[in-house]
Protein chains: 2
Amino acid sequence: MANIYDLAYDLEKGLRNSDEFQDLKQAYEKVMNDPQTKKMFDDFRDTQLNLQQKQMQGQEITEEEVNKAKQVVELVQQQEDIAKLMEEEQRLNTLISDVSKIITKPLEELYGEEEQ
Amino acid sequence: MANIYDLAYDLEKGLRNSDEFQDLKQAYEKVMNDPQTKKMFDDFRDTQLNLQQKQMQGQEITEEEVNKAKQVVELVQQQEDIAKLMEEEQRLNTLISDVSKIITKPLEELYGEEEQ
Ligand SMILES: [Ca+2]
Ligand SMILES: [Ca+2]
């Protein structure tokens with residue numbers, strides 16, 4: 001029976017070599033290597049993080065902030081390299097989320113079966 | 001190059017067969033099979049969840065609630081089967097957290113290297 005850490009490293013290597021990760025890496029580096037695109041992307045992430053933090057802390061989000069956030073999203077979606085990066089991030093997130101669901105299945109089964 | 005899902009299922013099988021998971025399962029079933037112990041454990045979990053939700057929603061937690069929570073923790077820690085279950089949960093959480101750090105390393109490296 002293989003060691004858990006060996007199995008985890010095999011999976012890590014698989015993820016690192018996957019098309020999903022390699023495409024994300026390429027898209028990320030393209031955005032990061034263009035200062036103007038990078039700035040646009042950083043502004044977008046800052047706006048997102050700010051709103052998320054406010055939400056988590058139960059702070060009120062003003063209509064002005066919502067509108068500003070919408071404008072920033074529209075702006076970045078029109079920049080093709082950023083749109084591509086966001087698409088690749090979404091793709092990898094889906095893969096990681098699937099993997100996470102698979103490996104936590106034993107726990108879910110254990111804690112789930114007593115609830116019924 | 002192995003498929004990501006195959007690698008994830010190998011890891012899932014490894015976790016399911018691990019001493020860590022099997023010991024947790026045994027400890028959990030022992031608690032669940034004794035109605036009095038189960039009730040004590042359920043009360044403890046409810047108290048914890050309540051406090052966590054209040055914290056996340058930024059609600060104030062009264063001194064009375066903190067004291068009540070402390071009492072519930074002290075009580076469950078004295079029940080040997082629950083103490084054992086909590087120990088096994090901690091052990092499996094550490095393993096899952098290690099695994100999660102390993103498999104998200106490529107992402108951490110990608111997003112980390114540009115920050116420096
Ligand atoms: Ca372009
Ligand atoms: Ca006993």
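Modeller: Buried means under 20% relative accessible area, exposed over 50%, and partly exposed in between, with a 1.4 Å probe and protein chains only. The model is predicted, so local features need pLDDT of at least 70 and side-chain atom pairs count only at pLDDT 80 or more, while totals for chains, interfaces and linings use all residues. Residues are numbered from 1 along each chain as its sequence is written, and side-chain values use heavy atoms, without hydrogens and water.

Colleague: Why is A:Arg16 called partly exposed?

Modeller: A:Arg16 has a relative accessible area of 24%.

Colleague: Why is A:Glu12 called buried?

Modeller: The relative accessible area of A:Glu12 is 9%, and buried means under 20%.

Colleague: What makes A:Glu12 and A:Arg16 a salt bridge?

Modeller: A salt bridge is a side-chain nitrogen of Lys or Arg within 4 Å of a carboxyl oxygen of Asp or Glu. The closest N and O atoms of A:Glu12 and A:Arg16 are 2.5 Å apart, so the pair meets that rule. Both residues lie in helix α1 of chain A, 4 residues apart, about one turn of the helix.

Colleague: What makes A:Glu65 and A:Lys54 a salt bridge?

Modeller: Their closest N and O atoms are 2.6 Å apart. A:Glu65 lies in helix α4 (residues 63-78) of chain A and A:Lys54 in helix α3 of chain A, so the pair ties together parts 11 residues apart in sequence.

Note on methods: Chains are lettered from A and ligands numbered from 1 in the order in which they are written. Helices (H or I, at least four residues) and strands (E, at least two) are DSSP runs, numbered from the N terminus.
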